[in-house]
Each structure stands twice: as structure tokens, then as C-alpha cells.
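Below is a short briefing for a reader who has not seen this structure before. Please look at the sequence and the model first, then read the points by topic.

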Amino acid sequence: MAVAATRPRTRGRWGIPVGRILLLGFFLVFVLIPLYWMLNTSIKPSDDYLAVPPVWFPSEPTLIHYEAALFTYRGLDGLINSLIISLSATVLSALLGTLMAYSLARYNTGGQHLSFWVLSQRFLPPIAIVLPVFLIYRNIGIYDTHIGLILAYVVFTLPVSVWMMFAYFRQMPKSMEEAALVDGWTRWQAFWRVAVPLAAPGIVAAAVFAFIACWTEFFFALLLTSRDAFTLPTVFRAFIGFQGAQYGEAAALAIVSLGPSILLGVLAQRHLVRGLTLGAVRG
Amino acid sequence: MAELAIKGLRKRYGAYEAVRGIDLDIRDGEFTVLVGPSGCGKSTLLRTIAGLEEISEGSIEIGGEVVNDYRPRDRDVAMVFQDYALYPHMNVAKNIGFGLMARKMPKAEIEARVAAAARMLGITQLLDRLPRQLSGGQRQRVAIGRAIVRNPRVFLFDEPLSNLDAQLRDEMRGEIKRLHQEISTTMIYVTHDQIEAMTLADRIVLMRDGLIEQQGDPLELFERPATTFVAGFLGSPKMNFLSGTLARSDGGDAVRIGDVLLPLPRGRGVDGAADGQAVLLGLRPEHLTRSQGEAPMPGFHRHEARIDLLQPTGSRSYATFRLAGEAVMAELQAHDVSRPGEHISIDINMTRASLFDGASGRAI
């Protein structure tokens, strides 16, 4: 009896954790159903979108929605623009963010106020500044250019990048860089050869956040671009028109847009977990 | 190898002054230990020598050259840090050779020197490992290897043993001493542990509140402490301090503690001190022994004591008793006393007693 009492209550007759499996199963369905429905919609003929009863397995799968979304609606151009802009902004944000965070953490640049000011850049709702930015961009000729959107995205992602890495550098013992200085390296070399490799998990985590923010950004892309530098998210608005919604095309493009995010997530996962749980895994 | 001269060195952090005017000359090849309680400025002093802290005033010379404005890399010193500060992303061989890489040494020579240093420290089999795969003692060896491979003019150690357990600490202490005997480079070693200071040093520099309290040969500091602070800091168990008054007469000088009169040995000069002056008598526990023979030896004072507290360590027993109301600890032989409450007579070696001015705490 004593043995039975120490067992978790949710285990059934054969020691199966029933409660846990139920919970995980429910969660899995909750997460996967929408994804499945998106995939399903992207390959089913238009007539089946809203059929009753719902079509769970399209009898005649088709790729016409992909073709329409990528070429007719210029989804492919949007994808390429998105990749160029998001990757450039991410690299710049990580680079500048690392330098800035290091300076704040090691030299206490600008005292406590500068670091807080950096974060305060996020206090303003983006919509508050979009009109002036639009006018400025148009006047200096970077409206609807890659550079223009990259700049805007760097400005928007930098505060979070800086703060994530600021926390990272601050908890890193100074003594390793000091050892490098005494060992004969310059300040810059100590930063580059010792501090940066050690901060890599933090840098990667910050970069992933920046990339996701750029990749999914809609509002600035909508207002600061039109025919040339438009990004993937802005393509979606074309799918809801006066003729009704193009569910198939929307679903197809959504599937395509998941690709880079998933790839990045898989590549960065190892670093990401360490970067985010920092402080809990000292020693 | 080089001698080191520090003149009028001060280091301020805002309004707080961590080092308040230090003059120190360290001879070539000397093993100097900077010792003192935490916050006394010893680590700050060491870091200014390394160039990791800028100095506010004064000068530092290494080998006759003022290095105030030199970057750490141009001072040709090596430092072993308290937390070892190994580069976690490099294996042991790279950790040791990293400083040589900075000096653009040919790869073959780096490898040869890393191998030689590793052999010297017995870590050859660890060269491919990462720091996190090493034990504390091994990390310590790597940190020392990183310093010796560079063959610097001065070695700096910042509490290198404080993160090790007691047994390993004893072992590494011996190794550092052996290392100094082998390579006899100037070494400056910071610690708060008076045993490390006593065992390692050619010279102890005892610091307090950003100033040097006393410096000299370890035994000189131990036997002739300049102040009660030095006397209390060195030695374990601590020196007993008894406050009393000086009783001078033609028959000889003595210290009066309450109603007990402890005669000072003839020839123990107390010139300049007045009769009735308040004094502190310093007695080290090892200078109080269980009486033997009918009468005490010359210079000894016999005292009948009731043991209040007994702390046997195996080889010794620390026995506490009261002398004129003040608690005094004696370091006795293991079997001198068997239980608290026992009455024994104790001989106090007054020839080794220290005497301090009651007000200033300075030695008389």
C-alpha cells in the first residue's frame, strides 16, 4: 500500500501517465490543427475551402495556389525582398547591438541613463512616428527602397538586441578579458577573441528575435514600400479583395513564409535556449 | 625578471580612496605577499601593477622604467586570477599559448613552450581538454601555466588558492613555492590568508585601509609586530591581548593586569613609557605552557589556572582560562588537560610577550 501511495495519482493500471498524455495530446492538437488546416487549404481546390462538411483530405491536391501566390501576386518577389531586408537588418542589429551592449556593460557608457534611454525607444507605439518617417523617407528618396526599410527595422530591433546582450555581457566575468589584456592582447582583440565568442549564445538569441520581428513586420512595410521593396507580409493584403478571399493563395504563401523561420529556429535552437535561460545555468 | 618600485601610489574611486599612498620596493626575484583583511586595498594595488586599474597618483616602476601609462600588454607581467579566468572556449593548450600568440611567436615555438610548461606542472595529459572538463586544482595549474609560459618579468597572483578546498590549497601552496624556487622570478602574491602569507613570502607587506601597516621578513612581523593589528592578524590561534598598566620600579618593570602582576624580563626595554601607562600585553597561545618543575624558568611567570574551555585538535589542545577576569587561550600538549574545570598551573613566557601602547596600539 505504501508503495502505491507514493506513485503519481494519474498513472493508470500499467503505469501509464494518463493525465500527462491527455494534456500533451490536447496541446499537440491545439498547435497542429491550424497548421494542418493551412497546409490542407493550400492544396485543395477553391470549391472545397468552405465546404460543409469540411474537406479534411483533398481528393485532388493541386499546386495552383502556390503558383498564383508566388507569381501572379508577386509573392516570390516579396519573399526575396523579405529575405534581403530581414537578414540585413538582423546582421546590422546584432553587430551594432553587440558593440553598444559591450560598451554599456563594460565601460558604463552614458551611466544608467543611456541604457534606459535605449530601451525607452520602444515606449512609443510605431504608428505615432510612421507619418513623419514616411515624409522624411519620401523627401530624401529612400521611400520604397531596401535601404529604407532596413534602416527602420534596425532602429526598431536595436533596443531589444542591446538589452538582451547588455544582460549577457554584464553577467560575464571581466577577468577573462583582463587575462587577455595581461596576456598581451589589445582591448579590441580581447573583445573580439574572448568576449564575443563567449557571448555567442546571447548574440544568436538576440539575432533570432530581431529576425522574427523583421520577418513578420507588416505596418512599416506597408507604409514605407510599394512596388519595389515590398515584403512578404504586405503581399497578404492582396488576398482579400472585392471578389472575396483567396484562401488558397493566402495559405500557400503562409506555408512558404514559415520556411525561413523554421530553418532559422532549428539552426539556432541550441544557442537560443542557452541565451534565453541565462542566469539559471551559471557555473 | 625585474625589480619593482612603487612611489606614493594612490587609487581613488570617486570619493572613496582604496589605496592611500603606498611606497614599496620589491627586489628582483623576491616573493612578496600582500596580505590584509578584505577591503584593505591589496587587490587594487596588484591590479594597478598589472595595469588593469589606472592610478590616481604616484608612480610604478618595473625594471627601472615608469610604466604608469603602459597598457597591460606592454608591462610584461603575468597574472593568475582568483577565478582562474581561463578562456572557456579554448582547450588547455590554447589557453596556455594564447599570450604567446598575441606576441606573434612562431607556431612551433609556441607548441614547444606550451609543452614545456605543461610538463613542469604535470598537466601534459590535459592539453586537449576544455576548462570545464577540469577539476579546480587542474584549472589552477593551467592558470599558472598560462603565466609561466610567457616568462614575464613579474608574476602577479590574486588570491589564487581561495577557491580550492583545504587539502588542495596546501598542495598548490607547496607547488607555488617550488615554482618560485625553480624560476626565481619576482612574484607578488595577494591573499587574506595569513598562513599562505607566512609560508610563501620572502617578505610580507601587511596592509590595512589602503596603507601599509608593516612590512618585512615573515618571522620579523610575527615576532616583532609593530602594532596590535599586525600581531592579531598573524598567527593562529590569535594572540591574546590583555589590557593593563605598566608598573615601573627599580626592581624591574612589570605589567599589571587587574590584580595580577606579570614581571617583564630584565633587559626588556620599555624606555619612554611611563609608570601607570595603559598598555596591551600580547601573549601568543604557544608561549603559554603547562608548568614543569618546582619553579618557573627565568623570564617565565607561573599562573594557577582553571580551564574553562578545551578544544583538542589531536596534536594540540587549545585551553581557555581566565587571567584577572580576561579570557586567555593557551596552546597545550594534547594530554596536558583532560577536561574543562581542571586546575593546572601554566607558565607564561614573558620573554616572548609583546607590549603595545594602550591608546595608539603601537609596539613599545
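The buried residues of α8(A) pack against α9 of chain A and, in chain B, against α1 (42-50), β6 (77-80) and α2 (92-102). A residue is buried here if 20 or more other C-beta atoms lie within 10 Å of its own, exposed if 12 or fewer, and partly exposed in between, with C-beta atoms placed from the backbone. Helices (H or I, at least four residues) and strands (E, at least two) are DSSP runs numbered from the N terminus. This is a predicted model, in which local features need pLDDT of at least 70 and side-chain atom pairs count only at pLDDT 80 or more, while totals for chains, interfaces and linings use all residues. Residues are numbered from 1 along each chain as its sequence is written, and chains are lettered from A and ligands numbered from 1 in the order in which they are written.

**Helix α8 of chain A**

- α8(A) is mostly covered, with eight of its nine residues buried.
- Those buried residues are Met176(A), Glu177(A), Glu178(A), Ala179(A), Ala180(A), Leu181(A), Val182(A) and Asp183(A).

**Where chain A touches chain B**

- Chain A brings 14 residues to the contact and chain B brings 17 residues; two residues are in contact if their C-beta atoms, placed from the backbone, lie within 7 Å.
- On the side of chain A that touches chain B, α8 (175-183) and α9 (187-216) each supply at least two residues.
- α8(A) gives the most to that side, with seven residues.
- By class, the side of chain A that touches chain B has nine nonpolar, three polar and two charged residues.
- In these classes, Ala, Val, Leu, Ile, Met, Phe, Trp, Tyr, Cys and Pro count as nonpolar, Asp, Glu, Lys and Arg as charged, and the others, Gly among them, as polar.

**Chain A as a whole**

- Chain A has twelve helices and two strands, and from the N terminus on its elements run α-α-α-α-α-α-α-α-α-α-α-β-β-α.
- The C-alpha trace of chain A spans about 80 × 75 × 35 Å along its principal axes.
- Buried residues make up 33% of the 283 residues in chain A.
- Of the contacts in chain A between residues at least 6 apart in sequence, 75% join residues at least 24 apart.

**Two packed helices in chain A**

- Helix α4 (residues 75-107) and helix α7 (residues 146-171) of chain A pack at an angle of about 40°, with their axes 6 Å apart.
- Axes are lines fitted to C-alpha atoms, for helices over the stretch in contact, and angles run from 0 to 180 degrees between N-to-C directions.
- The contact of α4(A) with α7(A) has 20 nonpolar, eight polar and two charged residues.

**Confidence in chain A**

- Chain A averages a pLDDT of 87, and 91% of its residues score at least 70; pLDDT is the predictor's confidence in each residue, from 0 to 100.
- Over residues 1-5 of chain A pLDDT stays under 50, and the model has zero contacts beyond four places in sequence for them.
- Over residues 278-283 of chain A pLDDT also stays under 50, and the model has four contacts beyond four places in sequence for them.

**Chain B as a whole**

- Chain B has eight helices and 20 strands.
- The C-alpha trace of chain B spans about 75 × 45 × 35 Å along its principal axes.
- Of the 364 residues of chain B, 42% count as buried.
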